[in-house]
Amino acid sequence: MRRRSVVALTRRQPTVCRALFIFAAPSGHTVSGYDDPLQPVTSDETVAVGGQVRLTCRVAESDNSSLQWSNTAQQTLYFGEKRALRDNRIQLYRSTSTELSITIDNVQLSDEGDYTCSIFTMPVRTARATVTVLGVPGKPQISGNEEAVQEGGEVTLTCTSTGSKPPAKLRWYQGDRELEGEDDVKYSDPGSLTYTVRSQVTLTVSRSDDNALITCAVDHESLASGDVKSSQALMFLHRTSNVQVKSLAPSNTFSLSFSLSPVRPTSYEWLKTDGELPPLAKVDGAFLRFEMLNKSDNGVYLCNADNGIGQSQGEYKLLVQDPTAMSTSSGVDHAVIGGVVAVIVFILLCLLIVLGRYLIRHKGTYLTHEAKGSDDAPDADTAIINAEGGHSGAEDKKEYFI
C-alpha cells in the first residue's frame with residue numbers, strides 16, 4: 001500500500017513560494033495524520049514447509065468494491081468469493097465487504113514471495129504481504145565413532161543436518177551438559193534454497209566416558225526446542241580387566257571370564273606354571289579341556305587374554321583329589337562303570353556254564369571188589385574176605401562215564 005503525505009513549506013517573503021513534497025508510505029502501514037478507510041491492510045507471514053498459511057486483507061470501510069488476492073507471479077487467486085486459479089491447496093477462508101482471507105495448504109519453498117491484495121476503487125489501492133517459507137532441517141546424522149576409541153585417545157564426531165532455511169544451528173551435549181563444538185559450516189544445497197549444516201566436536205576419551213551418550217540437537221525457528229536430535233553412545237576401548245579362570249564341573253573344562261567393553265579378546269594363551277600343558281589337555285580359545293584328570297595334572301594354570309589394546313591374566317589352581325584317573329564327565333563315568341560291570345557279569349555267567357558242563361561230563365559210577373564183596377557178605381569181616389580173594393574170576397573194577 002502506498003500512502004501519500006503532503007507537507008507545505010512557507011517562506012516569509014514578499015513573493016510567496018510553496019513547495020509540495022510527496023512521500024510514499026510502506027505497504028500495509030498508516031501515515032501519521034492521514035487515514036484512508038479504503039486502503040487495504042495486510043501482514044507478513046512466516047510458515048514452515050508443509051504447513052498452512054492464512055493471508056488476510058482488510059479495509060476500514062466498504063464502497064462495494066471487490067477485494068482481490070494475487071500470487072507472487074501476479075496471477076489472481078481469488079476475486080471476492082470467486083476462485084480464479086485452479087490450485088486445490090488455495091482455499092477461501094472468509095469473504096465480506098471489508099475482508100478477504102485465503103489459506104494455502106502444504107506450503108512449499110516455491111510459495112515464498114510477495115502476495116498482493118487489491119481493491120478496485122478509483123484509483124486502485126494495493127497492499128503487499130510477504131510470505132517467508134522456512135525449510136525444516138532433517139534429523140542430524142552423527143559420524144566419526146564407527147570404531148572403538150582407545151582410552152586416553154581423541155575422537156572427533158561430525159553432525160550433519162540438511163534441508164534447513166535459514167541455516168540451522170547445531171548444538172552438542174554429553175548427557176545434560178552442553179559441549180563446545182567448532183563453528184557450524186554451511187553449504188547451499190544444489191538446486192534448492194535450503195542449506196546443509198555441519199558441526200564437529202573433539203573429545204578426549206577417559207574411562208568415565210565409557211558408553212557416554214553424545215547428542216547432536218538442531219536449533220531452528222521452525223522447530224520446538226529439542227524436537228530434532230540424534231544420540232550415540234561413545235564406543236570406548238580399555239584393557240581387559242577382572243580376568244578369572246573357573247572350572248566348569250563336571251566336564252573337566254576350565255573357562256576364562258572377563259570384564260571388557262566393548263571388544264572381546266582376540267587371542268588367548270594357556271600356560272602351566274611348572275611345565276608344559278598335560279598331553280590330554282586341549283586348548284579351545286577361552287576354554288581348556290581335559291579328557292582325563294590325573295594327579296599329574298595338579299598345578300597352577302594361567303590364561304592370558306589380549307584384545308589388541310592390552311593383556312590381562314587369570315589363574316586357577318587345580319588339585320585332583322582322587323588318585324585314579326577321572327573321566328571327562330559324570331555321564332561318561334557311569335557309562336564306563338556300567339560297561340565294566342556288564343562284562344564281568346557276562347564272564348561269570350560263561351564260567352558258570354563251562355564249569356557246569358564240565359562237572360556233568362565227569363560224573364561216574366564206580367564198581368570195585370569192595371563193593372561186590374559187600375553185597376553177599378553177612379557181616380563186615382566176611383565182606384573183606386570175599387573182596388580179597390573170593391572173586392578171582394570177576395572184573396576187578398568197572399567205571400561208567402556219561
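Let's start with a sheet: four strands make up an open sheet in the order S16-S15-S19-S20, with antiparallel pairing. At its edges are strand S16 (177-179) and strand S20 (229-233), each of which pairs on one side only. Direction ignored, neighbouring strands here are turned by 30 degrees against each other on average. Take one of the pairings: strand S19 (residues 213-219) and S20 run antiparallel and share five bridges. If you want to find that pairing by residue, look for Leu-213, whose bridge partner in S20 is Ala-233. Keep in mind, as you look around, that this is a predicted model.

Now step back to the whole chain. How many helices and strands does the protein chain have? There are three helices and 30 strands. Of its 402 residues, 33% count as buried. Sequence distance is worth a thought too: among contacts between residues at least 6 apart in sequence, 59% join residues at least 24 apart.

Next, a hairpin. Strand S17 (residues 185-188) and strand S18 (residues 195-204) run antiparallel and are joined by four bridges. Ser-188 stands opposite Tyr-195 in S18. Six residues lie between the two strands of this hairpin, and in the turn Gly-191 has a positive phi of about 70 degrees.

Is Thr-196 buried or exposed? Its relative accessible area is 8%, and buried means under 20%, so Thr-196 is buried. Its side chain makes a polar contact with the side chain of Asp-189, at 2.5 Å. Setting aside neighbours within four places in sequence, Thr-196 is in contact with several residues, including Thr-160, Ser-161 and Thr-162, along with Val-185, Lys-186 and Tyr-187.

On to the rings. The structure holds two aromatic pairs. In one of them, the rings of Phe-79 and Phe-120 have centres 5.8 Å apart and planes at 55 degrees, so this pair is tilted. The pair links distant parts of the chain, 41 residues apart: Phe-79 is in strand S6 (residues 76-79), while Phe-120 is in the loop between strand S10 (113-119) and strand S11 (125-134). Phe-79 is partly exposed, with a relative accessible area of 34%, and Phe-120 is partly exposed as well, at 39%.

Then there's the pair of Phe-290 and Tyr-301. Why does this pair count as edge-to-face? The ring centres are 5.7 Å apart and the planes stand at 85 degrees, and planes over 60 degrees apart count as edge-to-face, so Phe-290 and Tyr-301 get that label. Phe-290 sits in strand S26 (residues 287-290) and Tyr-301 in strand S27 (residues 299-306), 11 residues apart. Phe-290 is buried, with a relative accessible area of 2%, and Tyr-301 is buried too, at 3%.

Rings also come together with charges here. Arg-54 lies over the face of Tyr-93, at 3.8 Å from the ring centre. The charged end of Arg-289, for its part, sits over the ring of Phe-287, 4.9 Å from its centre.

The backbone has some details to look for as well. Go back to the loop between S10 and S11, where you'll find Pro-123. The peptide bond leading from Met-122 to Pro-123 is cis, with omega near 0 degrees. Another cis peptide bond runs from Lys-165 to Pro-166, with omega near -5 degrees. Pro-166 has its place in the loop between strand S14 (154-164) and strand S15 (169-174).

Asn-64 has phi near 70 degrees, a positive value in a residue other than glycine. Asn-64 lies in the loop between strand S4 (53-58) and strand S5 (67-70), and is exposed, with a relative accessible area of 75%. Asn-106 also has a positive phi, near 45 degrees. You'll find Asn-106 in the loop between strand S9 (99-104) and S10, where, at 42% relative accessibility, Asn-106 counts as partly exposed.

Finally, look at Ser-312 in strand S28 (residues 311-318). At 16% relative accessibility, Ser-312 counts as buried. In sequence, Ser-312 and Pro-265 are 47 residues apart, and in space they are 9.7 Å apart, C-alpha to C-alpha.

Terms used. Residues numbered from 1 in each chain as written. Predicted model: local features only at pLDDT ≥ 70, side-chain atom pairs only at ≥ 80, totals over all residues. Heavy atoms only, no water. Phe/Tyr/Trp six-rings, centres within 6.5 Å; stacked < 30°, edge-to-face > 60°. Buried < 20%, exposed > 50% of the residue type's maximum accessible area, 1.4 Å probe, protein only. Lys NZ or Arg CZ within 6 Å of the ring centre and 35° of its normal. Pairing = 2+ DSSP bridges. Axes fitted to C-alpha atoms, helices over the stretch in contact; angles between N-to-C directions. Polar contact = N/O pair within 3.5 Å; in protein donor to acceptor, adjacent residues only side chain to side chain. Contact = heavy atoms within 4.5 Å.
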